[in-house]
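Reader: I am new to this structure. Could you show me how to read it, one feature at a time?

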Amino acid sequence: MYQDLARRPAPRLCLARTECCQFELTGLTPHLTKGEALLAAKAFRATGRRELAVADDAVCPMLKRATGRCLIYADRPFGCRTHFCDAAGGPYARKEVLDLIRRLEDLDVRLKGDGPRKLLPAVADALAELR
Ligand code: SF4
C-alpha cells in the first residue's frame with residue numbers, strides 16, 4: 001500500500017522539516033492501524049532499540065532528537081505520508097487515497113486490530129506483540 005501510494009503522481013514533497021512529528025506543535029497525532037503499527041515496530045527494532053523512550057505523545061517517539069530525522073522513515077505510517085504540511089504541498093484529499101485507506105482497514109480486520117489508534121500506544125502494543 002505504501003508502494004502504491006508512492007507511485008501516485010501527487011505533487012507533494014516532504015522536506016523533512018519534522019514539524020508534523022512534533023505533535024505538541026501541530027495538535028495532531030498520526031493514527032495507525034495494526035498493520036502499520038507492526039511494521040513501524042519492526043522498523044524501530046531494526047534500529048537496535050527495544051523500548052520507546054517517551055511516555056507522552058508531545059513528540060513522536062520515532063523522531064531522533066539529535067538528528068531531527070525519523071528513525072523509521074522508509075516504514076513510516078500512512079498518515080505521515082499523506083497528511084503533509086503546507087510546505088510539502090498540503091494533505092491528500094481523502095478521495096485520492098480512499099482505496100488505500102480501505103485496504104489498510106481490511107488488513108486491520110484480518111489482523112484483529114481495533115481500528116486506527118494513536119501512534120504511541122499503537123506502536124507500544126505492537127512492540128510488546130513482537131516479543
Ligand atoms: S513516524 Fe516518523 S515521520 Fe511519522 S511522525 Fe514519527 S518521526 Fe515523523
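Author: Gladly! Let us start with exposure: buried means under 20% relative accessible area, exposed over 50%, and partly exposed in between (1.4 Å probe, protein chains only). At 27% relative accessibility, Arg-117 counts as partly exposed. This is a predicted model, where local features need pLDDT of at least 70, side-chain atom pairs count only at pLDDT 80 or more, and totals for chains, interfaces and linings use all residues. Residues are numbered from 1 along each chain as its sequence is written, and side-chain values use heavy atoms, leaving out hydrogens and water.

Reader: Which residue forms a salt bridge with Arg-117?

Author: A salt bridge is a side-chain nitrogen of Lys or Arg within 4 Å of a carboxyl oxygen of Asp or Glu. Here the partner of Arg-117 is Asp-125, with the closest N and O atoms 2.8 Å apart. Asp-125 is partly exposed at 41%. The structure holds seven salt bridges.

Reader: Which residues touch the most other members of the largest nonpolar core?

Author: Such a core is a set of buried Ala, Val, Leu, Ile, Met, Phe, Trp, Tyr and Cys residues joined through side-chain atoms within 4.5 Å. Among its 21 residues, they are Leu-32, Leu-52, Met-62 and Val-123.
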